[in-house]
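Biologist: Please give me a close look at how the inside of this model is packed, side chain by side chain.

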Amino acid sequence: MRLFLYLLPRLAAMIVTLLGVSVLVFLSLRMIPGGYADILLGPFVTPAAREAISQQYGLDQPLVVQYLRWLAALLQGDFGVSMVTRQPVLDEFIRRAPVTLELAMIALGLALSIGLPLGVWSGIRQGGRRGVDFARLVGALGASVPDFVLGSVLIFVFSVWSLWFRVGGYVPFGEDPVGNLQTMLLPALTLSLFGIALVLRTTRDAVLRVMTEGYITAAVARGERPRDIVRLHILRNAAIPVVTVVTTYFGFLLGGAVVVEVLFSVPGFGLYIFNGLLNRDYAIVQAGVLLAATAFVAINMLADFLYAVIDPRVGAD
């Protein structure tokens, strides 16, 4: 019951947030210069042809009417039909979901496997200048190098020198595991650099903060082994800020890393939304942004749940 009361306000905030996102994305798309008729029929479209296209897709109706119709369809599970392919948008997102999920999982795995150990190590070795300098260097690189810059460099290097990795030409893991990794590791590595820096710096700061607590001093005075102190006291009590950044980062990845998917031609959420935006395919972009926002807030809800599991004091009031 305590946990339910703790999560209930967050669930209400999640619903309000998604409603706000739906309004924002709906209005933002209509404010972009050039509508679907202009993209479909070209710059010399006649007013009569534009009017016919608008009537066909209901774009001639007032914005309030269009929004309410779209919202009513969403509540019934209807995400709309692409104006370009005439295919249900939800079916296409479901088909592309495993690609984006795989990319996100690989990027998250790289961020955790590199960022966590380095963060714990640099935090514990706070008196050692090398650890501090190395953590700062990785953190600065991850925070300052944009995805498109790192991705462009990787594409150039591995295209010119024809190394093991491949650029483009996605292959499902079930068909060819090796070929799949050859095409997915580079975009995942591009996405993971920021995640590595984020996890490393957060873990290091959390470990440094925990190490100043009195129970760490007491554990050392009792003669506990350093390994047990790190495992039983430091890691557990430093976990909440790390969980926060990891879940936020994973939500960002699931939301569709548009730049990386476009850069490496990964046929996931991001590339589909990007093409929909270019074509002013409102149904694709609206559904894509809303699904991305839903994934993000749902993962944050999961983080709130994990807080209460890790630390029973959370939500006890």
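Modeller: Leaving aside residues up to four places away in sequence, Tyr 249 touches Ala 107, Leu 108, Ala 111, Leu 191, Ser 192, Phe 194, Gly 195 and Leu 198 (contact means heavy atoms within 4.5 Å). Keep in mind that the model is predicted: local features need pLDDT of at least 70 and side-chain atom pairs pLDDT 80 or more, while totals for chains, interfaces and linings use all residues. Residues are numbered from 1 along each chain as its sequence is written, and side-chain values use heavy atoms, without hydrogens and water.

Tyr 249, together with Leu 191, Phe 250 and Leu 253, has the most contacts inside the largest nonpolar core, which holds 31 residues (buried Ala, Val, Leu, Ile, Met, Phe, Trp, Tyr and Cys joined through side-chain atoms within 4.5 Å; buried is under 20% relative accessible area, 1.4 Å probe, protein chains only). At least two residues of this core come from each of α5 (89–124), α7 (147–160), α8 (177–210) and α11 (239–254) (helices are DSSP runs of H or I, at least four residues, numbered from the N terminus). Apart from it lies another core of 25 residues, including Leu 29, Tyr 272, Ala 283 and Ala 293.

Next, the rings. The structure holds 7 aromatic pairs (Phe, Tyr or six-membered Trp rings with centres within 6.5 Å; stacked under 30 degrees, edge-to-face over 60, the rest tilted). Phe 26 and Trp 70 are stacked, because their ring centres lie 6.0 Å apart with the planes at 20°. Another pair, Phe 93 with Phe 269, is edge-to-face, with 5.0 Å between centres and 65° between planes. Phe 93 counts as buried at 2% relative accessibility, and Phe 269 is buried at 11%. Ring pairs also join Phe 26, Tyr 67 and Trp 70 into a cluster.

Trp 70 turns up again at the largest pocket: among its 19 lining residues, Tyr 57, Trp 70, Gly 80, Ala 283 and Gln 286 lie nearest the centre. Two or more lining residues come from each of α1 (2–31), α4 (63–75) and α14 (282–310), and α4 gives the most, with 4 residues. (On a 1 Å grid over the protein atoms alone, a pocket is an open set of points with protein on both sides within 12 Å along at least five of seven lines; lining residues have an atom within 4 Å of a point.)

Methods. On a 1 Å grid over the protein atoms alone, a cavity is a set of points where a 1.4 Å probe fits but cannot get out, and a pocket is an open set with protein on both sides within 12 Å along at least five of seven lines; lining residues have an atom within 4 Å of a point. Buried means under 20% relative accessible area, exposed over 50%, partly exposed in between (1.4 Å probe, protein chains only).
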